[in-house]
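Keep the structure open beside you and try each task before reading on.

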Amino acid sequence: MITPQQVIEDVARCYDIQPDDILSKKRTEKISDARAIVCYILMHDLLLSSTDTGNAVNRNHATALHSVKKVEDMLSAPNMYRFAVNVLLHLEHEYFNAPI
């Protein structure tokens, strides 16, 4: 079973940051994008509620929802966000054998 902590650790590894960075108040683009990917996977793939997702990344439910919207926007413009989209697709494939 995939846990929120595993998702946080895997996304952090892909972004070459520490898991604690995702849970921190830091708002650099790299960390913010990584946090958004975590929220997207937790809500979209693991089906966590926005409240549980927010709690997993030390944010509120509204931030979790905004993060999911951010990733959906990234997915609609994959060339602009190539790295983030590749991280998401790689982890979804790793977790669920979803096609890349």
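**Exercise 1.** In this predicted model, work out how H1 and H6 are oriented to each other, and which residues join them.

*Solution.* 
- Step 1: Find the two helices. H1 covers residues 4–15 and H6 covers residues 82–96.
- Step 2: Take the geometry. The helices pack at an angle of about 135°, and their axes are 11 Å apart.
- Step 3: Classify the angle. Angles from 65 to 115 degrees count as roughly perpendicular and those over 145 as roughly antiparallel; H1 and H6 are therefore oblique to each other.
- Step 4: H1 passes H6 in a right-handed crossing.
- Step 5: List the partners. From H1 come Gln 6, Val 7, Asp 10, Val 11, Arg 13, Cys 14 and Tyr 15, and they meet Phe 83, Ala 84, Val 87, His 90, Leu 91, Glu 94 and Tyr 95 of H6.
- Step 6: Sort them by class. This contact of H1 with H6 holds 9 nonpolar, 2 polar and 3 charged residues.

**Exercise 2.** Describe how H1 crosses H3, and sort the residues of their contact by class.

*Solution.* 
- Step 1: Start with the axes. Those of H1 and H3 come within 10 Å and cross at roughly 145°.
- Step 2: Note the hand, which is right-handed for the crossing of H1 and H3.
- Step 3: Name the residues. H1 brings Pro 4, Val 7, Ile 8, Val 11 and Tyr 15, while H3 brings Lys 30, Asp 33, Ala 34, Ile 37, Val 38, Ile 41 and Leu 42.
- Step 4: Count the classes. The contact of H1 with H3 has 10 nonpolar and 2 charged residues, with no polar ones.

**Exercise 3.** Find the largest pocket and say which helix gives the most to its lining.

*Solution.* 
- Step 1: The largest pocket holds about 180 Å³ of space.
- Step 2: Its lining is made of Lys 25, Arg 27, Ser 32, Arg 35, Ala 36, Arg 59, Thr 63, His 66, Ser 67 and Lys 70.
- Step 3: H3 (29–45) and H5 (61–76) each supply at least two lining residues, and H5 gives the most, with 4 residues.
- Step 4: By class, the lining has 1 nonpolar, 4 polar and 5 charged residues.

Methods. Residues numbered from 1 in each chain as written. Predicted model: local features only at pLDDT ≥ 70, side-chain atom pairs only at ≥ 80, totals over all residues. Heavy atoms only, no water. Axes fitted to C-alpha atoms, helices over the stretch in contact; angles between N-to-C directions. Parallel < 35°, antiparallel > 145°, perpendicular 65-115°, else oblique. Left-handed = near helix turned anticlockwise from the far one by under 90°. Contact = heavy atoms within 4.5 Å. Nonpolar A, V, L, I, M, F, W, Y, C, P; charged D, E, K, R; others polar. 1 Å grid on protein atoms, 1.4 Å probe; cavity = no way out; pocket = protein on both sides within 12 Å on 5 of 7 lines; lining within 4 Å. Points joined across faces, edges and corners; volume = space filled by probe spheres on them.
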